[in-house]
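Me: Hi! I'd like to chat through this structure with you. Can we put it up first?

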Amino acid sequence: KMHKKTINLALALSAEEITGAAHKIASEFRKSIDTISSLAPHQTTFENSVLPFAHSLAEASIKSVDCYFPAFVSSDAAKRSASSQAKSYLKNVFNEAFVDVRLHSSFLSYKKRIDQGHVEALPPNSEEERLFHRFLKEFDRNGLSKDVDISQVKSLKTRIIDLATQVEQNINEDTESVYLSEDELKGVSDLFLQTLATVDRDGIKKKEVPLKAPQVLPILKGCTVEETRKQVAIARAQKCRETNERLLDELFKTRHDLAKKLGYQSHAHYNLETRMAENPETVDKFNKDIATRLRPQLMKELSQLLDKQKEFDPSSTTLKSWNYSFCEDQLKRSLYQVNEQEISEYFPLETVVRETLEIYQLLFGLKFVHLPEAAVWHPEVSCYQVFDSITNEPLGQFYLDLHPREGKYSHQCVLPLSPSCVLADGSRQNPAAVIIGNLTRPSPSAPSLLLFNEVVTFFHEFGHVVHCICTQVKYSIFSWAWSAVPWPGGVEMDFLEVPSSMLENWVYQDAVLAKLSGHYKNSSKKLPPELLSKLSQLRYSDAGYHYTRLIAMTLFDLKIHSELAPYNFEGIISKESVTVDNLIDLWSRFTEEYLPNLESVPNVNPTVSWYHMVQGYDVGYYVYLWAIVYSYDLFSKFEESKDGCFDQHLGREYRKHIMAPGASVDGSQMLLSFLGRPPSNHAF
């Protein structure tokens with residue numbers, strides 16, 4: 001049997017050692033490139049050029065985790081800073097390889113030898129053929145087959161990485177809070193209040209509210225004081241503006257300059273070239289078509305919410321955005337007799353995590369073994385090893401780091417810690433991943449109770465973990481990854497969210513909800529049947545607003561990466577065409593057009609604390625709705641099964657055709673393989 005290697009995190013590195021490790025990785029990686037580049041043209045083969053480069057890339061990728069990971073989770077500010085810089089440095093090192101004229105020349109020599117019949121061609125549709133073509137494409141996209149000044153390309157790429165890293169670090173390090181009295185927090189649950197620190201502000205006891213989702217959302221939903229909701233919404237909208245606005249202006253311009261230099265119309269055209277969508281026109285049409293279809297539902301929802309707002313603001317004529325969540329919650333209570341805070345009592349974090357893991361094990365033929373003695377970076381972190389439940393073959397491992405800490409990455413994400421690949425010595429490197437969450441931390445007096453949308457989010461994120469762990473490929477560049485890590489890899493960006501989006505459907509099935517729930521005072525007390533059915537009904541109660549807001553953000557992302565200011569804005573309903581000078585006014589135009597009769601927080605630049613703009617989702621926000629459309633088609637297979645969501649055979653087929661191939665197969669081909677037919681949007 002092939003020897004399996006697992007990740008071995010070096011958690012005790014100092015800031016200086018992190019920097020040193022990054023430079024050592026770079027030195028070893030560059031030496032391998034020097035060796036390959038020294039080959040005479042007539043000597044080049046797959047085995048002495050492409051393969052050793054792939055192996056060297058894998059080794060560097062595996063070792064890089066000790067350099068980039070502390071930036072996300074370390075409690076030491078100096079380590080986080082050194083790690084952010086190391087991540088930026090290593091991303092540049094990997095990028096440099098694909099602008100290396102000598103390495104490109106060696107690969108072209110090998111290709112020429114194939115074309116001239118001096119060496120055998122790689123087997124058609126093999127992972128090796130795909131690997132070679134992927135490498136050549138990377139060189140081509142960096143301008144090596146064009147009349148381009150490569151030194152300028154390298155300089156622009158370096159600046160882009162440095163800017164994005166700084167913006168991301170500024171968001172991570174932001175500790176801004178608002179301070180509110182208990183009177184100002186009327187309406188929120190006592191359990192939630194107990195999770196907030198009490199501090200002295202000018203002799204007055206106040207609650208500290210960090211501007212992060214677990215603290216902000218309960219206030220926007222439950223606080224009965226409108227002025228408090230408005231204060232929190234405005235503070236959240238302005239977060240990181242002073243530190244990031246100028247950096248992002250330069251970042252967007254530099255991306256555009258690079259794309260033009262490489263011969264592309266825009267950064268949007270450059271990014272979309274290698275994705276399923278292929279071009280901006282496809283993304284634009286896809287979103288605008290759905291926005292038009294959603295318009296009647298959106299207007300109905302906004303009208304209902306305005307009526308709710310009029311109950312406490314009778315003279316209002318437009319719905320205020322800071323009242324949206326509150327009015328939505330009130331509407332759910334009156335129409336469906338649903339109290340989200342009450343429902344959260346049935347979803348204590350411990351129960352949701354335990355049962356989510358059980359469901360994934362059963363469905364995909366996996367076994368998770370908790371490793372209580374594993375080395376971890378914080379006492380709250382847990383580690384699990386993953387095995388195939390039938391063969392007992394080790395597949396990888398994952399970590400759960402679910403609670404906020406100062407300096408920690410403040411969004412929800414899954415980060416790959418090791419690629420899946422075969423190494424130069426013939427052994428297999430098993431993949432590893434971590435969920436980095438920011439869910440409320442339980443205390444002796446207050447459990448961590450999840451809002452239902454947080455239950456859905458955790459179930460979705462854990463789908464990414466399983467996708468990562470189940471990937472079985474030979475080469476690291478085809479492993480599960482995304483651009484939060486410095487090493488290259490990952491499926492097409494607009495396929496990345498598809499597997500997990502499909503799995504969100506589980507959370508709306510009565511049998512699954514019954515497993516995931518258990519009252520925090522008595523875990524055997526499951527969510528009552530009447531609430532089970534109501535949660536399923538509520539799934540689409542705000543679909544018009546939810547999806548249209550997603551579309552507005554998607555088209556805003558597409559616009560700012562398709563042209564520089566001044567922007568040309570064209571409405572789909574108003575048919576108005578206007579010139580807009582800056583991002584604040586542009587965002588205002590998008591919200592007015594796509595979310596009419598909604599008064600937004602004024603003077604907002606949404607990019608300043610938007611992680612997606614600096615973590616590889618630039619020209620990528622469309623992937624969420626794109627994934628949802630395909631996810632419904634995939635889920636239809638389980639709906640057709642007599643065993644439904646617990647069809648273990650179908651689950652293994654999903655693992656085989658959708659998860660295991662990683663990026664070694666095109667996303668469209670994976671969909672075809674699992675469905676047995678071309679994918680369709682009819683189910684959506």
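Me: Which strand order does the open sheet of 3 strands have?
Reply: Happy to start there. Keep in mind that this is a predicted model. The order is 1-11-10, and the pairing is mixed.

Me: Which strands are at the edges?
Reply: Strand 1 and strand 10 are the edge strands, as each of them pairs on one side only.

Me: And in what sense do strand 10 and strand 11 pair?
Reply: They run antiparallel, with 2 bridges between them.

Me: What holds strands together in general?
Reply: Backbone hydrogen bonds do that, in either a parallel or an antiparallel arrangement.

Me: Switching to charges: how many salt bridges are there in the whole structure?
Reply: The search turns up 38 salt bridges.

Me: Which residue does Asp 425 form a salt bridge with?
Reply: Its partner is Lys 5, and the closest N and O atoms are 3.1 Å apart. Asp 425 sits in the loop between strand 10 (421-422) and strand 11 (428-429), while Lys 5 belongs to strand 1 (residues 4-5), so this pair ties together parts that are 420 residues apart in sequence.

Me: What about helices? Where do Lys 63 and Glu 28 lie?
Reply: Those two side chains meet in a salt bridge, 3.0 Å from N to O. Lys 63 is in helix 2 (residues 46-63) and Glu 28 is in helix 1 (residues 15-37), so the bridge ties together parts 35 residues apart in sequence. Lys 63 is partly exposed at 37% relative accessibility, and Glu 28 is partly exposed at 35%.

Me: One more pair. How far apart are the closest N and O atoms of Glu 128 and Lys 474?
Reply: They are 2.9 Å apart, in another salt bridge. Glu 128 lies in helix 7 (residues 127-141) and Lys 474 in the loop between helix 18 (452-470) and helix 19 (493-496), so parts 346 residues apart in sequence are tied together.

Me: Is Glu 128 buried or exposed?
Reply: Buried, at 15% relative accessibility, because the cut-off for buried is under 20%. Lys 474 is partly exposed, at 37%.

Me: Last one: which residues do salt bridges with shared partners join into one network?
Reply: Lys 221, Glu 328, Lys 332 and Glu 340 are joined that way.

Terms used. Residues are numbered from 1 along each chain as its sequence is written. This is a predicted model: local features need pLDDT of at least 70, side-chain atom pairs count only at pLDDT 80 or more; totals for chains, interfaces and linings use all residues. Side-chain values use heavy atoms; hydrogens and water are left out. A salt bridge is a side-chain nitrogen of Lys or Arg within 4 Å of a carboxyl oxygen of Asp or Glu. Helices (H or I, at least four residues) and strands (E, at least two) are DSSP runs, numbered from the N terminus. Buried means under 20% relative accessible area, exposed over 50%, partly exposed in between (1.4 Å probe, protein chains only). Two strands pair if DSSP finds at least two bridges between them.
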